[in-house]
Amino acid sequence: MAKIKMTAVITKQDRLTEDIYDMRIKAPQIAGEAVPGQFLSLYSKDGSKMLPRPISLCGIDREKGELRLVYRIAGAGTKEFSCLKEGDTIDVLGPLGNGFPLKPEKRAFLIGGGIGIPPLLELAKALQAEQESGRESGADSGRGMVRSVLGYRDSQMFLKEEFEAYGPVYAATEDGSAGTKGNVLDAIREQGLKADIIYACGPTPMLRALKAYAAEQGMECWLSLEEKMACGVGACLACVCQSKDIDRHSQVHNKRICKDGPVFLADEIEL
C-alpha cells in the first residue's frame, strides 16, 4: 500500500474532554486507501519539531474523502494540533502500518483502554458492514456479534454512544464513577461475557493482561500497540517490541511497531 504525504485541510475540530480532541481532515487520497487499525503521521509547523506525531484513525469516510482523528494532548505537538480550526492545513503522511484482520463470522470483543479506544470505532463499523454483507448473500449462519468493552479513567466516557450503534457496550472506570469499577477484564467477568476473538488497543499493562486471558480461554487475539515513534515508516528502529521470531530487517528478535504493526497477533510478540 502506497504511503501518501500531503497537505490536508481541517474540516472540523471539537473538544471531547479536558484533554481529548476530535479532528476531521480532508485527505481523499489517503481515505481511499486506509483501513481500520492504521495511523497517520502529523507534522508540526514548528521547524524545531522535526519528528511527526503518530495518531490512529478513528474514522474513514471514503465518500467524503475525510479522516477522523481522536487524540489526547500529550505534549507540545499535539497541543499545537488542538489549536487548529476549520480551514487550517496540516501536513500528513499515511496510511501507515497494518490494519485489523476482519473476521465477521466470529463473536468479537473490541477492547479499548483510554486513547486506545478511538481506532476501534472504525473497526466496529467495518465489522458490521461485513456482517450485513454476509447476511445479504445468505451467509448469515453463525455470524458474530460485536461487543465493545471500553476502559476509562472516570465518567468522561468519550465515543461510548457511538460504539452503541454497532452492538452492546460495556464500560469500566478506574474510579468506579460509571460502569464496572476496575478494568476491562473486570467488566468482562462481571457481565459473564464470552467471545471467539479479541481486538484490542490500549496501554501495555492492559494488552499484557488480555494476551494472558486470551491464552487461558483459547481465543484468537489481535493487539494494536501504542508506542512513541520517530520516522513512522520502519527505518529508524525507534519503536520496536520483542518478538518470538527474528526480524529480517534487524536480524534480532524485534518487530517494528510502525512498519510490522501496530496490529499484531498476540502470540507473535512479547509484552
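Modeller: Gladly! Let's start with two helices: α5 and α6 are oblique to each other.

Biologist: Why are α5 and α6 called oblique?

Modeller: Their axes cross at roughly 40° and come within 10 Å. Angles under 35 degrees count as roughly parallel, over 145 as roughly antiparallel, 65 to 115 as roughly perpendicular and the rest as oblique, so α5 and α6 are oblique. The axes are lines fitted to C-alpha atoms over the stretch in contact, with angles from 0 to 180 degrees between N-to-C directions. Helices are DSSP runs (H or I, at least four residues), and strands are E runs of at least two.

Biologist: Which residues of α5 and α6 meet?

Modeller: Val184, Leu185, Ile188 and Arg189 in α5 meet Met206, Ala209, Leu210 and Tyr213 in α6, where contact means heavy atoms within 4.5 Å. This is a predicted model: local features need pLDDT of at least 70, side-chain atom pairs count only at pLDDT 80 or more, and totals for chains, interfaces and linings use all residues. Residues are numbered from 1 along each chain as its sequence is written, and side-chain values use heavy atoms, leaving out hydrogens and water.

Biologist: How do you know where the second largest pocket lies?

Modeller: Domain 1 (2-94) and domain 2 (106-210) both give residues to its lining, so the second largest pocket lies between them. Those bounds come from an automatic or database domain assignment.

Biologist: Which helix or strand gives the most to that lining?

Modeller: α6 does, with four residues. At least two residues each come from β8 (108-113), β9 (146-152), α5 (184-191) and α6 (204-217).
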